[in-house]
Amino acid sequence: MAMRRSFFYLFLLLVLVLIVLGFINISRKLSWKEPYDGVAWVEGPTGLTAARVNEDSPAYLSGIKAGDILFSINDTPVKNRIEFAKMLWLIDRLEQKALYQVGRGGTILSPSFYLSKKGVSSTYIYLMLLGLATLAISLMVFFNTKRQFTGPYAFFYLVSVSLYSFYVFSATGQMDFLDNLFYWLDKLALLAFPPLLLNFFFIFPQKKKIIQRKKRVALFYIPGLVLLLSNVVLNTILDSILTESQVLSFQKILEKLELAHFSLYTILALALIIRDLISNINPYIKNQLRWIAVGLGLGSLPFALFYVVPFIGDRLPTTPGQLSVLLQGLIPITLAYSISRYRLMDFEVLFKKGTTLVISFAMLAMVYFLVSSQTELFSENRLNAILLGLLAIILGATLFTPLSELVQTLVDRVIYRRSYAYRRTLLMISNVLNRERDLSRLSNFLVETISKALSLKQIDLFLARENNPTEFYLLRSSEPGLEIMSLLLSLPEIDLLQKAEFISLVQPGETQNRPGIFGSLLEKGRVHILPLRLENKVMGFLAMSNKLDESYLSGEDRELLRTISTSVALALENAYLYNQEIIRSQELQRLKDYSDNIIESLTVGVAVIDQSGRVIGWNRVLERQFGLARDQALNRHLSEVIGKYNFQAIFPPETQTEYQLLSEIGLTTARGEKKIFDVARTPLFDNQMKAYGTIIVFEDITEKIHLQQQLLTSEKLASIGLLSAGVAHEINTPLTGISSYVQMLQKKLSDAHYLQILQKIEAQTERVNRIIKNLLNFARNPADEYYHRVDLKESLEEIISLIDYRLKSLNIQLELALQPVVIYAQRERLQQVFINIILNAMDAMPQGGKLLIECQQKDNLAMVKITDTGTGIRPEHLPRIFDPFFTTKGLGKGTGLGLSISFAIVKEHEGQILVDSAVGRGTTFTIILPTSLSEKNRPKTQTRGNQHE
């Protein structure tokens, strides 16, 4: 374990060093320029022969053509490429003009020209980018797996590093230490990559028997090791022994052997993959090996056929051979895809994306370098470099995206072939599944889309019951009127749905192969079942018939259905839960509306507050009771809504934590009205019976209290009526004697003074008699008394004559402003009203004062004002002065019935009493009476008039 860890860190250090050296090599390579004449010289029996002359190059402009034989440069013989390269470097350093001596058809030509500078080739730039991409892919795999350096991963990283080094490292020609280091790293990577690649596929997808012995494994590396040692010997020992021509010849042979070694091992690895593809029965691995074979074959075979073979035959690679280098970008992507059997990442997507990027970049690079080759990209002309840089930006910005989309479509069609349409369908289904939440629309879409995509005759979607997982109900069917609305499955059928990925009830050419399994579906022609599982839960299943042409589902059809099954199950689960949530929310809303309707329909006010005292409920009755709209009350503290005084009355400090009934609580509304309430407080509980608020019920009993008081008054008045009858009887007896004796005295006395006194006594006796009679009438039904013409001035003067002596004793100054006013009324009862008010005014002026009595007529109304300068009435007592038995005179000084009876008498006369009082300044009572009677009192008046007549 420790050794493996040490090797792991050593490998990381090596990779880090290679990355640093790689970037140094790239920097030197891009900045280095070598002398160049524009001719591709090939060594032959007669010397160097021009195989190809680039247009617009110095050699082309001086007249050199393909097929010309080079004899010397500046009078120095040139026999091989080494001598040729040395002469070019020498001329460039001396800044001389090159004088060539060439032969053409027996003629000797001597063209001369200045050499140009050639930068790095486009092929190197492409391979360099490919090497960096290989390194990036290997790092992605490394950082996305836990098994970083075990099994096939170790060889994957070694292959990736060797491929990176092979593509990136390249000698520049400077021949210094770094240049020699880059040369040997390039050589080592070229020789190490083929056996590492072959070794990788000997253990992938499973270890082969030939690899069990380590001695056999060593055989893979011997050819590369021999070639590496040969290069070392040639460049160290033989370099000083052999001539340059001989060294060059041996070096060319080694280069041919190296490329042959590269191609042979790659083809052997490809053959090994094809062998595994044929022999393997696992469909997943088989499909994986198929794409690995395609990727490795496209990346290696064209290069071997169109580049390596011509090179070994001493021919320059053709244009297809040079372009075959572009396909090597598939090799690192193929290696990454091969490791995907361990499910580190989605390497199929990586494979397609990588292929798309490589091809798109290659096409743009071809266009770019094609243009640059025509404008001397690597010349010293900075204007050209700027223009070409702008061209590269324009190409990348405008063409790369649409080009990559086009290439992506082509790659998908090539990879998936006949299943491309299925993949498009799958993509469309996935997009809809990700956004559809309505269960009905989702099920309808699934049934229609799958039916059309697979050309099915019929398809049904069944879902499991939530409360009974063995029962499945029909959610959607493409067959109208399907009789099977639900299925109760047996345990074997449930077990099959939980374990199988796809169920075929009938195979081609066979009858039912599972007796008793899904028999009712088989009778309806449903021969395929796709279980829809989510983890270990069976959500439902799709029941499908054969296709429209009576054919069965193919392997690709089943693969598509298996691919979408989990997504469909998840979408159905989400849609079902979403649908249930909507149903529950609707039920909750209905319950809430029901509860709100109950609360709103109550005849009492209901307020709900939370634990902090904020109002969260306020019904319509409470709106009317307190004069506050719901919006004004909600989300405010209750004390702010109803006022602090009312809040303290409802929640007194000593009982604030108790829940009880508070009876007859006087509260003031927002309109300033004073009302009496019965208030009940009770806690508001949640499902766990935890109180989270308070319900307060307000019952307005103001009218009820008034009715109770009226009832109590009626009972007291009834008692007074009974008492009055007895008192009247007792008073009538002595009153009759007094009247008789007065009459006797009037007959015997002749003195006018005493006769006047006796007349007053007789008049007052009659008045007492009438009062007793009125008292009896009041006890029975005062409204039954008849009306007659009454002069209010005479009535008031008669009353004043009775109290004149008392006014003087109390030092009360009387002022009169009486006008004759005649109305229809009950004389004695009106006198009772005036007497009650005048007596109350006298009681209010115990220290004396002024009493003003006014009588006048305005339009059809008679107005009597009685004003005193007494103590006045307090504002809080004003609303109750006409209530029966309400008095402020103290015990034994008043009954509280005077003003109540007066109010009833005035109301019976269709009039009204107004009161205006100020404490310490006095009180004014205004009695307003109509001068004409209404219809209800006229018959009484006429009857009374007839009697008088």
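A crossing of two helices is called left-handed if the near helix is turned anticlockwise from the far one by less than a right angle, and right-handed if it is turned clockwise. That term will be needed for a pair of helices further on.

The structure is a predicted model, in which local features need pLDDT of at least 70 and side-chain atom pairs count only at pLDDT 80 or more, while totals for chains, interfaces and linings use all residues. Residues are numbered from 1 along each chain as its sequence is written, and side-chain values use heavy atoms, with hydrogens and water left out.

The chain as a whole comes first. Its secondary structure comes to 29 helices and 27 strands, where helices (H or I, at least four residues) and strands (E, at least two) are DSSP runs numbered from the N terminus. Of the 949 residues of the chain, 42% count as buried; here buried means under 20% relative accessible area, exposed means over 50%, and partly exposed lies in between, with a 1.4 Å probe and protein chains only. The chain exposes about 52,100 Å², of which carbon and sulfur atoms supply 58%, the areas coming from the Shrake-Rupley method with a 1.4 Å probe and, for residues, with only the protein chains shown counting as cover. Among contacts (heavy atoms within 4.5 Å) between residues at least 6 apart in sequence, 62% join residues at least 24 apart.

From these totals one can turn to the helix pair. Two packed helices are described by the angle between their axes and the distance between the axes. Helices α27 and α28 pack at an angle of about 140 degrees with their axes 9 Å apart, the axes being lines fitted to C-alpha atoms, for helices over the stretch in contact, and the angles running from 0 to 180 degrees between N-to-C directions. The crossing of α27 and α28 is left-handed. On the α27 side the contact is made by R829, Q832, V833, N836, I837 and N840, which meet G898, L899, I901, S902, I905, V906 and E908 in α28. The buried residues of α28 are L899, S900, I901, S902, I905, V906 and E908, and just after this helix E910 takes a positive phi of about 65 degrees.

Side chains of opposite charge can pair when their charged atoms come close. R829 forms a salt bridge with E908, the closest N and O atoms being 3.1 Å apart; a salt bridge is counted when a side-chain nitrogen of Lys or Arg lies within 4 Å of a carboxyl oxygen of Asp or Glu. Because R829 lies in helix α27 (residues 827-843) and E908 in helix α28 (residues 898-908), the pair ties together parts that are 79 residues apart in sequence. Both R829 and E908 are buried.

The structure holds 20 salt bridges. One of them joins E501 to R562, with the closest N and O atoms 3.8 Å apart, and this pair links distant parts of the chain, since E501 sits in the loop between α17 (491-499) and β13 (503-504) whereas R562 is in helix α19, 61 residues apart. E501 is exposed at a relative accessible area of 52%, while R562, at 27%, counts as partly exposed. Another salt bridge pairs R465 with E471, their closest N and O atoms being 3.6 Å apart; R465 is partly exposed at 32%, and E471 is partly exposed at 21%.

Several buried positions can be followed in the same way. N546, in the loop between β15 (537-544) and α19 (555-601), is buried with a relative accessible area of 11%. Leaving aside neighbours within four places in sequence, N546 is in contact with L456, K457, G525, V527, H528, S551 and Y552. G321, in helix α10 (residues 319-323), is buried with a relative accessible area of 0%, and beyond residues up to four places away in sequence G321 touches F306 and Y307. S162, in helix α5 (residues 152-168), counts as buried at 6%; apart from neighbours within four places in sequence, S162 is in contact with A189, F193 and L196.

V17 is found in helix α1 (residues 2-31) and, at 39% relative accessibility, counts as partly exposed. Together with L10, L13, L16, V20 and I24, V17 forms a nonpolar patch with about 520 Å² of accessible area. Patches are made of residues with over 30% relative accessible area and no salt bridge, like charges being joined within 9 Å and nonpolar side chains (Val, Leu, Ile, Met, Phe, Trp, Tyr) within 5 Å.
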